[in-house]
Amino acid sequence: MTAQFWPSHVVMEVRNASKTYLSGANEVHALTDMTLALKSGELTGIVGPSGSGKTTFLMIAGLLEPPTSGTVHFRDQPIANATTRLNNLRDFRRTHVGFIFQKANLIPFLTAVENVQIALEINDVRPKQAKARARELLAQFGLDHREDNYPSQLSGGEQQRVSIARALANDPVMLLADEPTAALDGSRGRQVMEVFRTLADVHRVAVCVVTHDPRWSDIFDRIVEMSDGRVMEVRPGGAMKARLQV
């Protein structure tokens, strides 16, 4: 199943956002007047050199950091600006947004299945149902034989796959991933990216992936190139080009 005949709707939009940090006596402009919308059913890749603002954009779009100026809108309704107390949006993030970071950030005293299960139980899913869903997700990433292992017993790639399973546990409408395949080999990396493609096509999730890896350009609908905190170019990815040729 593909999304080519389904309309896409804006899920989250960062509008005219700037982000400035203080580094000693100096101001660092991580984002400058950036506007970018993330749409349902669309897999967006964000590329650019280190320090170009890619991760800062994810943090603002995911409501983990406020913009210094500008606004964030969810389904065309303003939800955050420079004065918003983002702690008040914790429940919203937990139920609407999935995050995957460069580091797995697993809880060290919980097993793999428990690390995924806890994300569901926090949202009031019953333990038995939460465990079944966690086991299903781990199996999807080839980790069913590792579900009772602790993070210290897992390789870096296995830990990252557990973190991806955890991010998907609550069926988010938007998934934000920062270098999710950096610790994975080519085969596992492709598997993860194809899961993202399926989430967009079948489940209509808005997926945004920051990456330095050129191998995934054929999977993206859009590729956003950033530099110095600005969007320099937005071009169709391989998936969009394939649909346009149909």
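Predicted model: local features only at pLDDT ≥ 70, side-chain atom pairs only at ≥ 80, totals over all residues.
Modeller: Helices (H or I, at least four residues) and strands (E, at least two) are here DSSP runs, numbered from the N terminus.

Colleague: Why are strand 3 and strand 8 said to pair?

Modeller: Two strands pair if DSSP finds at least two bridges between them. Strand 3 (residues 43-47) and strand 8 (residues 206-210) have four bridges, in the parallel sense, so they meet that condition. Within this pair, Gly-45 has Val-209 in strand 8 as its bridge partner.

Colleague: What makes strand 6 and strand 10 edge strands?

Modeller: Both belong to an open sheet of six strands with mixed pairing, whose order is 6-7-8-3-9-10. Strand 6 (97-100) and strand 10 (230-236) each pair on one side only, and they are the edge strands. From one strand to the next, the twist of this sheet averages 15°.

Colleague: Which strands of that sheet does helix 1 touch?

Modeller: Helix 1 (residues 54-61) packs on the sheet by touching strand 3, strand 7 (174-178), strand 8 and strand 9 (222-227), and its direction makes about 150° with that of strand 7. Helix 6 (residues 186-201) lies across strand 3, strand 6, strand 7 and strand 8, and runs at about 150° to strand 8.

Colleague: What makes helix 5 roughly parallel to helix 6?

Modeller: The axes of helix 5 (residues 156-168) and helix 6 come within 12 Å and cross at roughly 10°. Angles under 35 degrees count as roughly parallel, so helix 5 is roughly parallel to helix 6. Where they meet, Arg-161, Ile-164 and Leu-168 in helix 5 face Arg-188, Val-192, Val-195, Phe-196 and Leu-199 in helix 6. The residues of this contact divide into six nonpolar, no polar and two charged.

Colleague: Where is the other hairpin with a positive phi at its turn, the one formed by strand 1 and strand 2?

Modeller: Strand 1 (residues 10-23) and strand 2 (residues 26-39) run antiparallel and are joined by ten bridges, with Val-10 standing opposite Lys-39 in strand 2. Two residues lie between the strands of this hairpin, and Gly-24 in the turn has a positive phi of about 70°. Both strands are part of an open sheet of four strands, with antiparallel pairing and the order 2-1-4-5. Its edge strands are strand 2 and strand 5 (77-80), each of which pairs on one side only, and its twist averages 30° from one strand to the next.

Colleague: Why is Asp-76 called exposed?

Modeller: Exposed means over 50% relative accessible area, and Asp-76 has 53%, so the word applies. Asp-76 is found in the loop between strand 4 (69-74) and strand 5, and has a positive phi of about 70° although it is not a glycine. Most residues other than glycine have a negative phi.

Colleague: How do you know whether Glu-179 is buried or exposed?

Modeller: Buried means under 20% relative accessible area, and Glu-179 has 10%, so it is buried. Glu-179 lies in the loop between strand 7 and helix 6, and its phi is near 50°, a positive value in a residue other than glycine.

Notes
Residues numbered from 1 in each chain as written. Heavy atoms only, no water. Axes fitted to C-alpha atoms, helices over the stretch in contact; angles between N-to-C directions. Contact = heavy atoms within 4.5 Å. Parallel < 35°, antiparallel > 145°, perpendicular 65-115°, else oblique. Nonpolar A, V, L, I, M, F, W, Y, C, P; charged D, E, K, R; others polar. Buried < 20%, exposed > 50% of the residue type's maximum accessible area, 1.4 Å probe, protein only.
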